[in-house]
Amino acid sequence: MTSYRLDSGGLVNRSYALTFSFDGKSFKGLDGDTVASALLANDQMLMGRSFKYHRPRGPVTAGSSEPNALVTIGSGARNEPNVRATVAELYAGLTAVSQNRWPSLSFDMGSVNSLLSPLLGAGFYYKTFMWPAKFWEWVYEPVIRRAAGLGKMVMEADPDRYEKSWAHCDLLVVGAGPAGLMAALTAARSGVRVILADEGFRFGGSLLSENLNIGGVSAADYATGLIAELASLPNVTLMPRTTVFGWYDDMVFGAVERVQKHVASPSPDLAVERLWRIVAKRAILASGAEERPLVFGGNDKPGVMTAGAVRTYLNRYSVAVGSKVAVFTNGGSGYRTAADLAARGVEIAAIVDARAASEDVVPAGVRVIRNGAVVATKGRKRIDGLVVERAGFQEEISCDALAMAGGWSPIVHLMCQRGQKPVWSEEKQAFMAPDVGSAFVAAGSAAGTDTVSAALRDGAAKASAFARDLGFAAYEANIPDVEGEYDASFAPLWYVPGAKDKAFVDFQNDVHVSDLGIAQREAFRHIEHTKRYTTAGMATDQGKLGNVNTIGIVAGMRGVSPAEIGTTTFRPFYTPVSFGALAGASRGEHAAPTRTSPLHGWAKKNGATFVEAGLWYRSSWFPKEGEKTWRDSVDREVRNVRENAGLCDVSTLGKIEIFGANAGEFLDRIYSNGFLKLPVGKARYGLMLREDGMVFDDGTTSRLGPNHYVLTTTTAYATEVMTHLEFASQTLWPDLDVCFTSVSDQWAQMSLAGPKARAIMSRIVEDDISDAAFPFLAARTVTLRGGLAARLFRISFSGELAYELAVPAGYGEAVADAIMEAGREDGICAYGVEALNVLRVEKGFVTHSEIDGRATADDLGYGKMMGMNKPDFIGKHLSTRFGLTAADRLQLVGLKPIEADKEFKAGAHLLKENAAPSMASDQGFVSSVCYSPTLGHYIGLAMLKSGRERIGERIIVWDGLRNSEVPAEVCAPVFVDPGNTKLNV
Amino acid sequence: MASLISCPHCGTRPKEEFSIRGAVVARPQPGAKEDAWYRYVFIRDNPKGRYQEYWHHAAGCRRFLVVDRDNLTHEVFAVTDATEFAKNAEVAR
Amino acid sequence: MALTLLHRHVLDDHISGFETNANPNHLSVFRRPVIFSVLAKVGQERAVGAALEAAADIAVRTCAPGEWLAVSQTSGSETVAGQLSAIVDASSVDQSDGKVLLTVSGPSVRKILAKCVAVDLHPDAFADGHSTNMLIGHVTGNLARTGADRFEIIVPRSFAGSVFEELMEMGREFALTAAFAGD
């Protein structure tokens, strides 16, 4: 194996060799290498296969726009496909594998696609494989999927940690090349809070790649000096390995920091990637410029790369990309590459210049072919020669690498992500950054500067303007002289016509010039259509390298300026971002917060099975030994409440404390029923409507003092009701003297229900709670034995004698324990939300199964709760509108199966007897169903057309999902104790 | 990724802290005709461009704010407390 | 029969009590702070706010215009209730059991909190004594700066476990430790 590593120079640490593997073979690289530079140093030019034709490919760049050198890095669950070898930082033990080839990179069966290429042109999958239609799913698609594509995903869970963080600054500088470094330093010296981010693992940008002398030192050393000063300033945050991938509303930038992508075994205490949201008052885009490839036949072969990339490999990594390098150029960059290579002793095969003349310095002894063009390349896995054409004559030149210089395109993506399009400049022959307002500007070569000294000056000038703008004293930067600059200007050459082999425009998607021609001929002319039809500019690189050439070539075909063609739409992300980073820490137990009740510990002690209800964990039922199914437990709990007593956690109900002289008036307008006359010490069931007349929520509200109430909501609607009250008080009636706050978390609330509830509660509460002293709907502050103040409400959701006791949350578990102890002799049990549900269905109480946003108060049988004499309440005015008072509205009824052993399920629909089972004969639906242990059969609540008139009717419960029909009898919705004899004792 | 709204009470906050509650429409007087109520509840202009919406600062001060913004460009012209906004509107009337 | 009732802190299940010594970056949970919600009558926000600021041994946390949390680590609940009921046009309600108060402090505190809150905590933007409601992780809470490298967080009790675990996760990188204050 030939070593292409030069003996000296470069920014690699020669005393620190790193062993890594590529396709199972061991290689040695150096600290400071990328995977690509280390492979090139080891004569491994072939790094991948192309997407469609499986053509052998090597790197074409030395940066993040790389379309070809995509590899899979890592193994097992850490397997990461489509990593650009040109930016992947080398570390000891790294394993890289090439992609899209079988069985091996050098012998790839898929390359037969090249022979089929006449079939695989632009739009091939729209035209081919159309018949027979069935073959698409079974034959064509699987074959194409196997043949085409990039890396493969692993199905194992990602073992690594990710996180998100916010950052705030006065000035964000994107890119730490000459313009970015100077901008950051100039602003920082003024005292501006600066964040400087760069996608690379080493700051410096082109200063690391160019052979220049700045202020008497090398460009790289000059960069080191700037970085050292930046690092010493407290108002500067340096973010290497951080790609700013998006610009969002209100000057928020998205960035991803690769915290531990360059280590073999990431620390479990650190995220591997961190997603940043950077809020910046001002921003400077110093992302540099992209060198355009030239488009000629065989321009995709391994060994053909941009002239700037050749210089980067040479000057930064000390790797010569070949031993005899040819140059094809339309500007100064090619000559500079030849000069740098020649200076390091690399033979230059020739410089092929598309222009007739130029003033560029030609290295001694190097042949220049002016007015020339490369029309073909020789070799397969690495080029071994070129065919150059000049004035109609062709000549073969041997070489083992080709540097191509096609001019420069400023990297302006970020500034175009919020709708503005880049602007074509005839002078620069490039798309320039649009004007996006005064807070975000481009600087340096991203703004079209041609030299490093101009970039340094531009960065400094734009930073000091921002500093002044932000109220800081401007600092005038001292820009040293730069020696050894070259003329980066170029003459456009969009493509070399007459190629026999394919001339690629988009390497990653295998789009060549003739594909663009097909798109034009077949009327996919708009650049967005051309993109979709040919796939130029799609996939992981989104055409960073090829798009401008695509536009130039299409413009040429159409005989118009590239300005008229315009660009496709720029969107985040600039480079691919992992799903891990986007999810951050929000996965597993951190995906959503969980809420636990103050009685959670009590429920656990009593063996509860928990259910997730929204964010809450609620106790669902409490299995006892010997109980085989959940129903066994629930039936027992229900029976026990009806016969003895049970304790249930109702802490999750929303509780809102309301104060103010107009609090009663406020409630009177919030609820459909009256609240003005609610006495102190009393609770009242209330119904809230939406403004459209539908029921919104229900609950009890108690008056604790003349101007003091506590309102309860359902668990599910706690937040919505709070918001509703805020809307009403802030926007509808801001003049009412009312204020309120949520106290939902302050109170542990438990319901003690059953015939023995009073006896048990009396052992806990000091106050007299006899029926006379504490009747139904009493609501007062009481004192527990031992002195703790609590709130006691005599309300019932089961039809039994019941109390709700609220105690400060921290005492909840202890009080619940005490009640269980006090009730032991009376056979108390803990009951969960399943039994709670059975108890309320038996009693015909509604929940959000019935209050589903379509039911009016009257539908639910609460017509009497519409205080139509009140001048105003929310929902009053539209409650009588057309349709809401129709006779055939769905009304709440009860259902019981005709045959007692039959079961039906909620969600089933109701049909008249003998009606066809279809929605055309729909009579309503079943809202709640349970097995009633009290009655010994299933019961249900349903919403039925004109239901109240149909008590006693036989009806069919039709479950279309389970294909069952169960005859049932319509009955009143109250199944147990309709006379409330158990309540008022 | 993010949008920021400057709450007059809490300062600049990400959109995640807010809940958008629809167009700012004045509630009719209790005695208004059904048609007025119908328009209030159901009819919205849904313009493209400048729009005044209620944004509830749910994870902050829990105040209803009137955000006056362009729903195409997300340019925000003003953020006002809804109570204040209603008072100003009354004065203007 | 007099009941002997044990008061439990919701984070008892999350903090073992066997932590080693506090690291430089540390999270402290306060067992029984006194916390009241204070609400001003409409139009009297300024006067109530001023009276609240003047109250002895009470730290005032701003929630909204006309709404505060009155926090005391030194006074008892009755004392604070008495002080608050003396403020004209103010209503107050005890939230000591409904809120969990913790502090995070140390040299990396801002880096830890930047992973949880979107608000700029640079001292120029968020000065000592400043407090406001905000999203902390997934949960709405009140955050106050109580020192150069010290912040106080008050969150609803039912969410406290999640918030605590989230803070500890975000602090892992900086070896954040946690304990009940005074334990």
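**Close-up views of a predicted model**

View 1. With 13 C-beta neighbours inside 10 Å, A:Asn980 counts as partly exposed, in a model that is predicted throughout. The residue belongs to the segment that comes after β51 (964-971) of chain A, and its phi is positive, at about 55°, although A:Asn980 is not a glycine. Most residues other than glycine have a negative phi.

**View 2. A:His54 in the loop between β3 (48-49) and β4 (56-57) of chain A.** Here, too, a residue other than glycine has a positive phi, with a value near 55° for A:His54. Is A:His54 buried or exposed? Because 22 C-beta neighbours lie inside 10 Å of A:His54, this residue counts as buried, the cut-off for that class being 20 or more.

**View 3. The cis peptide bond between A:Pro572 and A:Phe573.** The bond that joins these two residues of chain A has an omega of about 5°, whereas most peptide bonds are trans. A:Phe573 itself is found in the loop that runs between α12 (562-565) and α13 (579-583) of chain A.

**View 4. Helix α5 (residues 219-232) of chain A and its two faces.** Which residues of α5(A) are buried? They are A:Ala219, A:Ala220, A:Tyr222, A:Ala223, A:Leu226, A:Ile227 and A:Leu230. What covers the buried residues of α5(A) includes the helix α4 (178-189) together with the strands β9 (194-197), β10 (213-214), β11 (217-218) and β12 (236-239), which belong to chain A.

**View 5. The side of chain A that touches chain B.** The contact between the two chains takes 22 residues from chain A and 17 residues from chain B. On the side of chain A, the elements that give two or more residues are β13 (242-248), β14 (252-258), β15 (273-285) and α17 (718-732), and the largest share, 6 residues, comes from α17(A). Sorted by class, this side of chain A has 8 nonpolar, 6 polar and 8 charged residues.

**View 6. A:Thr880 in the loop between α20 (833-843) and β46 (890-897) of chain A.** Because 13 other C-beta atoms lie within 10 Å, A:Thr880 is partly exposed. How far from A:Thr880 is A:Arg380, in sequence and in space? The two residues are 500 residues apart in sequence, and their C-alpha atoms are 82 Å apart in space.

**View 7. Chain C as a whole, with its 4 helices and 10 strands.** Followed from the N terminus on, the elements of chain C run β-β-α-β-β-α-β-β-α-β-β-β-α-β. The C-alpha atoms fill a box of roughly 55 × 50 × 25 Å along the principal axes. A compact globule of 183 residues would have a radius of gyration near 16 Å, and the 17 Å of chain C therefore agrees with that expectation. Buried residues make up 51% of the 183 residues in this chain, and among its contacts between residues at least 6 apart in sequence, 66% join residues at least 24 apart.

Terms used. Residues numbered from 1 in each chain as written. Chains lettered and ligands numbered in written order. Predicted model: local features only at pLDDT ≥ 70, side-chain atom pairs only at ≥ 80, totals over all residues. Contact = placed C-beta atoms within 7 Å. Nonpolar A, V, L, I, M, F, W, Y, C, P; charged D, E, K, R; others polar. Buried ≥ 20, exposed ≤ 12 C-beta atoms within 10 Å, placed from the backbone. Expected span 1.5 Å × (residues − 1). Rg over C-alpha atoms; globule rule 2.2 N^0.38 Å.
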